[in-house]
Amino acid sequence: MRNFSLLALCATLTFLTGTAKADLPPGVGHDETVKVCGKCHSPEQAASMRQTRTGWEETISKMVNMGSEGTDEEYERVLDYLTKQFGPEAPKPIEINKASSIELEAGLGLTRSESAALVKYRTEKGEFKTLDDVKVVPGIDFKKVEARKARLKF
Ligand code: HEC
């Protein structure tokens with residue numbers, strides 16, 4: 001029964017996070033992270049956090065307790081990767097559906113009128129679900145947003 005509900009939760013998570021298209025940045029350990037951490041939820045789930053090596057160690061043991069499987073070598077690489085890419089000093093994710101106009105301007109390198117256009121569109125049409133939804137917003141230079149897609153959180 002316990003296993004069943006965990007599976008259901010995993011399926012829900014995959015559904016919820018599956019649409020988020022924030023790619024994990026390339027680097028040593030990227031492939032292991034996608035393989036080991038992408039089984040239950042999207043591996044990009046990891047990109048929602050910023051923490052120290054100890055913090056990442058704790059998150060990984062939590063995942064192992066929940067059934068995550070991998071070799072010691074894989075976990076070592078995942079830990080190095082997460083600490084390097086998502087350590088405490090790494091820039092925080094930009095929550096495209098929650099960030100204020102000023103936060104979008106600073107975080108995405110937009111002009112004031114571009115960030116205002118994003119917020120206006122979001123208010124009128126509802127939340128962005130994928131990067132493609134942002135592509136169609138009139139009045140913005142999409143290339144600026146695309147360049148920072150690894151930091152975007154939907
Ligand atoms: C066996 C399935 C499974 C695997 C494999 C897995 N996770 Fe998770 N993960 C979960 C579940 C279930 C939750 C939600 C649990 C909760 O909210 O307490 C979660 C939540 C998270 C969260 C959100 C914060 C938190 O602590 O709840 C992060 C970050 C995370 N996982 C990272 C990882 C990383 C990194 C890996 C690879 C080492 C990984 N996960 C592998 C099942 C898994």
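A polar contact is a pair of N or O atoms within 3.5 Å. The exercises below apply this and a few other cut-offs to a predicted model.

**Exercise 1. Determine which polar side-chain atoms approach the ligand, and describe the shell of residues around the ligand.**

Solution. Step 1: a polar side-chain atom of His41 lies 2.8 Å from a nitrogen atom of the ligand. This distance is within the 3.5 Å limit for N or O pairs.

Step 1: Lys62 places a polar side-chain atom 2.9 Å from an oxygen atom of the ligand.

Step 2: the ligand is surrounded by 16 residues, of which the closest are Cys37, Cys40, His41, Lys62 and Met63. Helices α1 (2-18), α2 and α3 are the elements that give two or more residues to this shell.

**Exercise 2. Identify the protein donors of the iron atom of the ligand, and assign the geometry of the site.**

Solution. Step 1: the protein donors are NE2 of His41 and SD of Met63, at 2.0 to 2.2 Å from the iron atom.

Step 1: the site has six donor atoms, with angles of 87 to 179° among them. Six donors count as octahedral if opposite donors are over 155 degrees apart and all others between 65 and 115. The site of the iron atom is accordingly octahedral. For reference, the ideal angles for six octahedral donors are 90 or 180 degrees.

Step 2: His41 belongs to the loop between α2 (30-37) and α3 (53-65), whereas Met63 belongs to helix α3, so the pair ties together parts that are 22 residues apart in sequence.

Step 3: His41 counts as buried because its relative accessibility is 14%; Met63, at 27%, counts as partly exposed. The boundary applied here is that buried means under 20% relative accessible area.

**Exercise 3. Classify the aromatic pairs of the protein by their ring geometry.**

Solution. Step 1: rings pair if their centres lie within 6.5 Å; planes under 30 degrees apart count as stacked and over 60 as edge-to-face. The count by this rule is two aromatic pairs.

Step 1: for Tyr81 and Phe86, the ring centres are 6.5 Å apart and the planes stand at 80°, so this pair is edge-to-face. Both Tyr81 and Phe86 are buried.

Step 2: for Tyr121 and Phe128, the centres are 5.9 Å apart and the planes at 5°, so this pair is stacked. Tyr121 and Phe128 are likewise buried.

**Exercise 4. Describe the surroundings of Ser115 and of Ile140.**

Solution. Step 1: Ser115 is located in helix α6 (residues 112-125). Its relative accessibility is 0%, so Ser115 counts as buried.

Step 1: the side chains of Ser115 and Ser101 are joined by a polar contact of 3.2 Å. When residues up to four places away in sequence are not counted, Ser115 touches Ser101, Leu104, Glu105 and Leu110.

Step 2: Ile140 occupies the loop between α7 (131-135) and α8 (142-147). With a relative accessible area of 14%, Ile140 is buried.

Step 3: apart from neighbours within four places in sequence, the contacts of Ile140 are Glu114, Ala117, Leu118, Val134 and Val145. Leu118, one of these residues, is 22 residues from Ile140 in sequence and 7.6 Å from Ile140 in space, C-alpha to C-alpha.

**Exercise 5. Compare sequence separation with spatial separation for Ser61 and Gly55.**

Solution. Step 1: Ser61 is part of helix α3 and is partly exposed, with a relative accessible area of 39%. Its side chain reaches the backbone oxygen of Glu57 at 2.8 Å.

Step 1: Ser61 and Tyr75 are 14 residues apart in sequence, and their C-alpha atoms are 9.8 Å apart.

Step 2: Gly55 is also in helix α3; its relative accessible area of 11% makes Gly55 buried.

Note on methods: Residues numbered from 1 in each chain as written. Predicted model: local features only at pLDDT ≥ 70, side-chain atom pairs only at ≥ 80, totals over all residues. Heavy atoms only, no water. Phe/Tyr/Trp six-rings, centres within 6.5 Å; stacked < 30°, edge-to-face > 60°. Buried < 20%, exposed > 50% of the residue type's maximum accessible area, 1.4 Å probe, protein only. Helix = DSSP H or I, 4+ residues; strand = E, 2+ residues; numbered from the N terminus. Polar contact = N/O pair within 3.5 Å; in protein donor to acceptor, adjacent residues only side chain to side chain. Contact = heavy atoms within 4.5 Å. Donors = N, O, S within 2.8 Å, 3.2 Å for Na, K, Ca; no water. Tetrahedral: all angles 85-135°; square planar, octahedral: opposite > 155°, others 65-115°. Near = heavy atom within 4 Å.
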